[in-house]
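Subject: Handing over the structure

Hi,

Here is the structure we talked about. Please open it first, then read the notes below.

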Amino acid sequence: MNFLEKIRKNPWILFFLIGIVMLSFILDPHVLFKFFAEKSSIFGKVNGENISIKEYVDCFQFLKQLRQEESDSHLKKETWNLLIHEKLLNQQAMKLGIQNTKKDFWEAISRQSIYSYIPELQDSFGNLDLKKFQLYLKNLENASHVSNSQMEIEKNVWSYEKNSIPKRILAKKYVEMLMYGLNTSLIEGELNYKEKNFFSIIDYIFIPYSEIEHKYNMFLIEKNEIENFIKKHKFLYKKENLRSLSFAICRSKPSLEDEKNMKNKMEKLFHKFKSTNKNYMFVLTKSEKPFDSNFYLKNHLPPILQNFVVQNNKIGSMFGPIKEDNTYVMAKIIGKKMISDSVLSSHILISHKEAIRSSNKRTKKEAEEIANKVYKILQKDPSKFEEFVKKKSDDLINAKKNQGSLGWLKYNEQNSIGKFNIFDSENKKRMIGLTETQFGYHIIRIDDKSVPKPAYQFAVIVKTLIPSKKTEDRLYSRVRKFFGKNKNHKLNIFINNARKEGYETIFLKYVKSAQWDIDDLKTEVDKEIIDWSFDKNRKEGDCHIFSTSNKDYIIVFLSKIQKEGFSMEEIKNDLIPFLKKEKISRLLSNMEKRKFFTKNLEEIASYFSKKIRKNCKINFYDSIVNDHKEPKVVGYASSLRLYETSKPILGEKGIFFVRPSKHIFPSKKPSYFSHEIEMLNALLRRKMLENIGNVLIKKSIIKDYRKHFQ
């Protein structure tokens with residue numbers, strides 16, 4: 001249809017989520033070496049729930065298209081934070097039993113999806129027309145046989161939206177439940193409106209505190225004044241028990257000699273690998289990663305392997321060895337077969353009491369007998385399939401609404417279909433098979449298939465270059481020598497010397513005794529370091545060497561011990577300005593009692609040799625007077641009668657004398673307050689959401705594996 005072509009040509013939607021059609025290898029140039037790893041797809045965990053690298057890539061590309069002016073490093077942090085919050089909110093929603101319905105899904109499609117912004121899919125009122133949209137999806141589905149990159153992007157855009165919308169719905173429902181009843185009152189709206197729209201026009205004199213100090217010789221604050229104030233206000237100066245640590249980190253790295261030896265070793269291994277026909281055993285004994293028996297379509301491979309199979313697609317073709325950082329990879333094509341990327345299938349599910357999501361009370365043996373019986377009948381007469389779907393299938397939703405259809409299944413999504421491989425080219429259209437999964441026994445019929453394409457099976461050898469014992473001994477000797485020379489130096493000298501040696505440094509990190517890891521360090525010895533720093537025998541300037549499991553050395557410098565309580569020396573600099581202000585307040589109070597100040601602003605200006613600043617417009621909302629926030633001055637000015645001169649007002653930066661010449665009162669019509677209420681509600685809920693997020697993060701176990709992908 002016409003709108004389908006327009007969507008294809010619409011660049012904002014095509015590039016909006018272009019990353020969906022790309023695999024995660026695009027984001028990480030080193031990911032080839034993790035491609036066959038056991039946990040290569042896990043970017044982090046939130047309370048045990050995985051954040052996959054695909055989720056991360058999709059979200060990153062989404063943000064990048066919206067905020068192209070921002071740096072990648074900032075967007076990567078933003079991506080991580082968004083995914084963390086999404087997981088946390090969804091987990092809380094599921095704990096409370098909050099669920100999605102089909103109605104919720106289609107309402108969200110209409111209001112929250114990218115499709116709701118496409119004019120060709122809208123009705124005359126600018127809303128998403130679901131009939132047009134469903135027709136669009138049908139056209140998209142019917143294009144399964146067409147190899148078109150634009151169409152593939154559109155399919156993946158729909159796949160992304162279809163998967164992400166239910167998460168958005170759960171999070172929205174959970175937040176709405178928490179926010180229920182959290183509203184701004186009419187009185188608050190009225191006060192906020194008046195605060196913004198009540199103005200005073202004033203004349204004023206401003207005298208900086210420094211001039212008062214000079215005029216009345218108030219520079220000196222006696223030691224006993226400070227001590228007396230601290231004794232009276234001890235509760236203001238409580239301190240946590242903290243330690244300040246700095247670090248010099250010497251990374252364990254292979255030497256040039258180690259690299260040379262590894263290169264020779266890999267060349268010999270390559271020739272043995274090429275000649276062997278026992279590929280499984282060779283990988284099992286020689287590789288750091290397990291044997292992967294999967295077959296991969298070309299477009300599901302990393303770009304570097306895609307290029308390889310274009311030119312070398314025969315069984316026995318060798319790839320590598322190549323090196324990135326300290327990882328070597330070589331691969332051999334050991335299998336090739338034709339596979340359909342997409343399969344439309346239907347099933348009859350025979351469940352049992354041991355299967356997941358099953359309420360059926362039959363035994364597993366009884367289910368197997370029923371499944372075998374139905375399967376034998378259908379082998380003889382496939383036309384009875386729909387009849388058995390209605391009579392026998394325990395997948396009641398699909399049986400009633402979709403005649404047992406499972407829809408189009410994608411090969412790369414690795415759907416659990418048991419031993420009957422519906423994607424294999426040997427299993428043709430209309431073929432029926434019997435298989436078992438965790439849901440029970442399935443009689444599956446292949447209804448349609450995309451055109452088969454070549455898929456490749458690889459035997460992969462992954463080796464990591466690690467420092468030899470000789471290199472490790474040399475590194476340890478170097479670290480000990482540095483430690484001996486610098487352990488008695490002051491912190492700045494210690495850090496500077498570490499940098500000259502090429503060590504990584506982390507400067508002044510405060511830690512608490514109860515915490516488990518240290519920001520920017522995060523190793524398995526973090527807790528050991530913290531416990532060492534809080535040992536009762538520790539003193540400032542102490543150093544110690546710690547080693548990690550990968551033989552990195554961390555030299556810790558205890559730069560400061562902050563015990564519970566307070567130190568007068570530490571707080572004196574903050575306290576002196578406050579005490580001076582207190583002195584000035586007492587001075588002005590005594591001057592007032594002696595009727596020193598007149599009610600005439602001009603005379604006061606003359607006495608202090610100051611000019612009167614005239615016709616200054618002020619209000620409560622921003623409280624700016626004399627280029628600084630001065631809420632106390634605004635408060636005094638608003639309460640004075642017109643042309644009445646104030647008493648001396650102690651502001652943030654100096655003393656004010658104020659005389660209002662006009663008060664401008666806002667309209668009192670209630671209709672004006674509704675907008676204020678909406679704004680205050682939005683602010684209130686945003687703050688509430690931030691607080692909820694902070695509490696959930698604090699109470700959760702979050703594991704960050706991002707450093708493994710850097």
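Which ring does the charged end of Lys527 sit over? The ring is that of Trp516, and the charged end lies 5.1 Å from its centre. A charge sits over a ring if NZ of Lys or CZ of Arg is within 6 Å of the ring centre and within 35 degrees of the ring normal. Lys337 likewise lies over the face of Phe295, at 4.4 Å from the ring centre.

Before going on, note that this is a predicted model: local features need pLDDT of at least 70, side-chain atom pairs count only at pLDDT 80 or more, and totals for chains, interfaces and linings use all residues. Residues are numbered from 1 along each chain as its sequence is written, and side-chain values use heavy atoms, with hydrogens and water left out.

**Helix α19**

Lys527 is also one of the buried residues of α19. Buried means under 20% relative accessible area, exposed over 50%, partly exposed in between (1.4 Å probe, protein chains only). Helices (H or I, at least four residues) and strands (E, at least two) are DSSP runs, numbered from the N terminus. Contact here means heavy atoms within 4.5 Å.

**Strand β20**

Strand β20 (residues 654-664) is largely enclosed too, because 8 of its 11 residues are buried. Its pairing with β3 (residues 199-208) is antiparallel and has 10 bridges. Two strands pair if DSSP finds at least two bridges between them. Ser200 has His663 of β20 as its bridge partner. Strand β19 (residues 649-650) also runs antiparallel to β20, with 2 bridges. There, Ile649 is bridged to Phe656. β19 and β20 make a hairpin, with 3 residues between them.

**A four-stranded sheet**

An open antiparallel sheet has 4 strands in the order β9-β8-β11-β10. β9 (405-410) and β10 (432-437) are at the edges with a single partner strand each, so one side of each has no neighbour in the sheet. On average, neighbouring strands of this sheet are turned by 40° against each other, direction ignored. β10 and β11 (residues 440-449) share 6 bridges. One of them joins Ile432 to Arg445. Helix α14 (residues 364-380) lies across β8, β10 and β11, at about 30° to β11. Axes are lines fitted to C-alpha atoms, for helices over the stretch in contact, and angles run from 0 to 180 degrees between N-to-C directions.

**Aromatic pairs**

There are 17 aromatic pairs. Rings of Phe, Tyr and Trp (its six-membered ring) pair if their centres lie within 6.5 Å; planes under 30 degrees apart count as stacked, over 60 as edge-to-face and the rest as tilted. Phe105 and Trp106 are edge-to-face, 5.4 Å centre to centre with 85° between the planes. Both are buried. Phe482 and Tyr503 are edge-to-face as well, at 5.2 Å and 75°. This pair links distant parts of the chain, 21 residues apart: Phe482 is in α17, Tyr503 in the loop between α18 and β13. Phe482 is buried at 5% relative accessible area, and Tyr503 is buried at 6%. Phe105 and Trp106 also belong to one aromatic cluster with Phe133 and Tyr136.

Best wishes
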